[in-house]
Amino acid sequence: MQRAATWAICTAALALLAPGCAVRNAPPDTAGTRWTNTLGMVFVRIPAGTFRMGTAASTEELQALYPRAEPRRLRELEDERPAHAVRITRPFYLGQHEVTVGQFRAFLQRSGHVPESIADGTGGYGWNPAYDPATTARGDAFEGRDPRYSWRNPGFAQGEDHPVVNVTWNDAQALARWLSRTEGRRYRLPTEAEWEYACRAGQQGAEPPPAALQGQANVFDRDTAVHWPKWASQAFPFRDGHAFTAPVGSHTPNAFGLHDMLGNVWEWTADWHADDYYAHSPAEDPQGPAEGEVKVRRGGSWHTWPLYARCGFRNWNTLETRYTLVGIRLVLQAP
């Protein structure tokens, strides 16, 4: 009883990032469905199972569901096809939330890791109300790279419980390696298949309409569109209460108990991207192509339009990309 009480007290302290409360090899709860690590990250046990990966809807069906989407954007979704059956053969633990600013700060303090946006001196991206996308070649929605922007400053206010952004794939790997070394368990990024399986959480059939995300996701809604009026026609038809990032767990979890699988911030995965990978992907535990140039990120963000805020949508970036919309969610491998 005393040991259990000590663990409960220490877990509560870790959630507040209290120093000196690093519990090594502490057990999951009695049901084996939750695990809280030494940075206060909560992991949820995801059971093994089979699901249909990718997008089964035709271009015409997607156009009807997303009438404001430009036809060219619909034609760019072929890497989501063919939809195919995938079996996840082993359970795994997935972060209940995206990695927070406070958790990332604690990792840096304890590990000595220097994020790439600072180490290479080029900074990240950020929100600047005076910035005009029309003045840049790409017409990017955010200003950067600029040394004044990093995980510490994306240009808008964030609390310790907001998801960390401006972190690279390499930063995510450094976090996973440090946790693995410190705790003696294997942490890693999820594969694309694990991520999509966890996002769908048993959902089958047709794509849900955009309005179904109300109360479940922080996306490009009417609150956010105020700052980007030229794209207001693409906004979700509701207000989620957040113009930028939201504290993790602010919205209803999915059927697996996971928050923000869609919206808030994009999440890095372990896999390389290839347009044609689904055509020859293994039926069990696919790991992605053996090599590539860009890594897949999933889930959309607080700045994501309806067409892209779907479990099946795939996006990608180079390993050193850091951006004000991209964060981290980790896997803790089950024993």
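Trainee: Which helix is included in what covers the buried residues of α4?

Mentor: The model is predicted, so to speak of local features a pLDDT of at least 70 is needed, and side-chain atom pairs count only at pLDDT 80 or more, while totals for chains, interfaces and linings use all residues. Residues are numbered from 1 along each chain as its sequence is written, and side-chain values use heavy atoms, with hydrogens and water left out. Helices (H or I, at least four residues) and strands (E, at least two) are DSSP runs numbered from the N terminus. The cover over the buried residues of α4, where contact means heavy atoms within 4.5 Å, includes α6 (169-183).

Trainee: Which residues of helix α4 are buried?

Mentor: Buried means under 20% relative accessible area, exposed over 50%, and partly exposed in between, with a 1.4 Å probe and protein chains only. At 0% relative accessibility, Phe-104 counts as buried. The buried residues of α4 (residues 101-111) are Val-101, Gly-102, Gln-103, Phe-104, Ala-106, Phe-107 and Leu-108.

Trainee: Why does the pair of Phe-104 and Trp-151 count as edge-to-face?

Mentor: Rings of Phe, Tyr and Trp (its six-membered ring) pair if their centres lie within 6.5 Å; planes under 30 degrees apart count as stacked, over 60 as edge-to-face and the rest as tilted. By this rule there are 21 aromatic pairs. Because the centres of the rings of Phe-104 and Trp-151 are 5.5 Å apart and their planes stand at 70°, the pair is edge-to-face.

Trainee: How many residues apart in sequence are the parts tied together by Trp-127 and Trp-228?

Mentor: Trp-127 and Trp-228 form a tilted aromatic pair, with 4.9 Å centre to centre and 50° between the planes. Both Trp-127 and Trp-228 are buried. Trp-127 lies in the loop between β6 (124-126) and β7, and Trp-228 in the loop between α8 (222-225) and β9, so the parts they tie together are 101 residues apart in sequence.

Trainee: Which residue is the bridge partner of Trp-272 in β10?

Mentor: Strand β9 (residues 266-272) pairs with strand β10 (residues 295-298) in the antiparallel sense, over three bridges. The partner of Trp-272 in β10 is Lys-295.

Trainee: Which element gives the most to the lining of the largest pocket?

Mentor: On a 1 Å grid over the protein atoms alone, a cavity is a set of points where a 1.4 Å probe fits but cannot get out, and a pocket is an open set with protein on both sides within 12 Å along at least five of seven lines; lining residues have an atom within 4 Å of a point. The largest pocket has a volume of about 970 Å³, where a volume is the space filled by probe spheres set on the points, and grid points are joined across faces, edges and corners. Of the 30 residues lining this pocket, the closest to its centre are Arg-73, Arg-297, Asn-315, Tyr-323 and Leu-325. With three residues, the element that gives the most to the lining is β11.

Key
Pairing = 2+ DSSP bridges.
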